[in-house]
Amino acid sequence: MKYGAFSDFKVFTGNANIELAEEIASIMGKPLGKATVMKFSDGEISVSLWETVRGVDAYIVQPTCGPVNDNLMELLILIDAMKRASAGRINAVIPYYGYARQDRKAKARDPITAKLVADLLGAAGADRVVSMDLHAAQIQGYFNIPVDHLLGMPILVKHFRNKKLKNVVVVSPDHGSVTRARNMAHPLDAPIAIVDKRRPKANVSEVMNVIGDIKDKTCILVDDMIDTAGTITNAANVLRDMGAKEVYSCATHGILSGPAIERIRDSAIKEMVLLNTVPIPKEKRIDKIKVLSVAPLFAEAMANIFTNDSISKLFSSK
């Protein structure tokens, strides 16, 4: 698709994932919009726009990954600046939507941070949100503005289809990812298995059992995010101990915090495939980790939004 014909949109970014924003803008045939996002000496965030946005479709590419609070505030202030500069439509392109794990009251007196952030984005002046693989699909309903929820699954399916693996079983690392596993298994024409685990506290998981036949199979573990990598590496090690031939893993968001890299390096995982919705620094790109780009998918979605065309074809894994 040629993007050079479009003239009334501009792509901006904060500091969260400049490399991805530059790649998206390049595909769309535009330079990144001129903006300075910096901090005052006391830590307050300062935003300056150096070109007009009056009447244009403004796209702000900013995942709310770590440092989460800084990146979220950068996004909110960029939105506010564009609203006050009379932008035509303000589109918050959030490849990774932070604070999404608290999406309901799991126990008494819990906050629902996914809804809180949705309210903040709407109050700041966003007209639309474009995101990918929200932690729970119902988060779309927390917004009072349109949400385009893109899927990373077609990119991951294409990668594993090209590897031509034999005797594949797609494995959900917990009960919460069963639908995701089914969505990968169907285009790969593979069965699924489920790892039964419990989580005694945040960022700690214990594997209890495996439901399904994985002996002498090539297993692909699929999840939406890898944070400390405890869940995915525990699952991979159990699959190996129970007779799996090879274990691959994939996820959309590679947070990779704390001991994640060490755990992945020492695990039974042969290859971990991640998308670049959040920046993955070179020191974390060990041999086991392969990173695929979401820029073409976001660029096409943003172009279709600008021209008011459908984006439903982007969800296909064919």
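Where does proline 67 lie? I found proline 67 in the loop between β4 and α2. Helices and strands here are DSSP runs, numbered from the N terminus, with at least four residues (H or I) for a helix and at least two (E) for a strand.

**Basis of the entries.** I am working with a predicted model, in which local features need pLDDT of at least 70 and side-chain atom pairs count only at pLDDT 80 or more, while totals for chains, interfaces and linings use all residues. Residues are numbered from 1 along each chain as its sequence is written, and side-chain values use heavy atoms, with hydrogens and water left out.

**Entry 1: strand β4.** I looked up burial, where buried means under 20% relative accessible area, exposed over 50%, and partly exposed in between (1.4 Å probe, protein chains only). Five of the five residues of β4 are buried, so the strand is largely enclosed by the rest of the structure. In a regular strand the side chains alternate between the two faces of the sheet. I noted Asp57, Tyr59 and Val61 on one side of β4, and Ala58 and Ile60 on the other, all of them buried.

I then checked the strand's partners; two strands pair if DSSP finds at least two bridges between them. β4 pairs with β1 in the parallel sense over five bridges, and valine 11 stands opposite tyrosine 59. Five bridges also join β4 to β5, again running parallel, with alanine 58 opposite isoleucine 90. From β4 the chain crosses through α2 to β5, and this β-α-β crossover is right-handed (with the strands pointing away from the viewer, the path from the first strand over the helix to the second runs clockwise).

**Entry 2: helix α2.** Among the buried residues of α2 I list Leu72, Leu75, Ile79 and Met82. The buried residues of α2 pack against β1, β2, β3, β4, β5 and α3, where contact means heavy atoms within 4.5 Å.

**Entry 3: backbone exceptions.** Most residues other than glycine have a negative phi, and most peptide bonds are trans. I found a cis peptide bond joining glycine 66 and proline 67, with omega about -5°. Serine 86, which follows α2, has a positive phi near 65°. Lysine 164, in the loop between α4 and β8, has a phi near 55° and is exposed at 65% relative accessible area.

**Entry 4: aromatic rings.** Rings of Phe, Tyr and Trp (its six-membered ring) pair if their centres lie within 6.5 Å; planes under 30 degrees apart count as stacked, over 60 as edge-to-face and the rest as tilted. I recorded four aromatic pairs by this rule. Why is the pair of phenylalanine 160 and tyrosine 248 edge-to-face? Their ring centres are 6.1 Å apart and their planes stand at 80°, so the pair is edge-to-face. Phenylalanine 160 is in helix α4 and tyrosine 248 in strand β12, 88 residues apart, and the pair thus links distant parts of the chain. Phenylalanine 160 is buried at 3% relative accessible area, and tyrosine 248 is buried at 4%.

Ring pairs also link Phe9, Tyr59 and Phe306 into a cluster. Lysine 30 lies over the face of phenylalanine 9, at 5.0 Å from the ring centre (the rule requires NZ of Lys or CZ of Arg within 6 Å of the ring centre and within 35 degrees of the ring normal).
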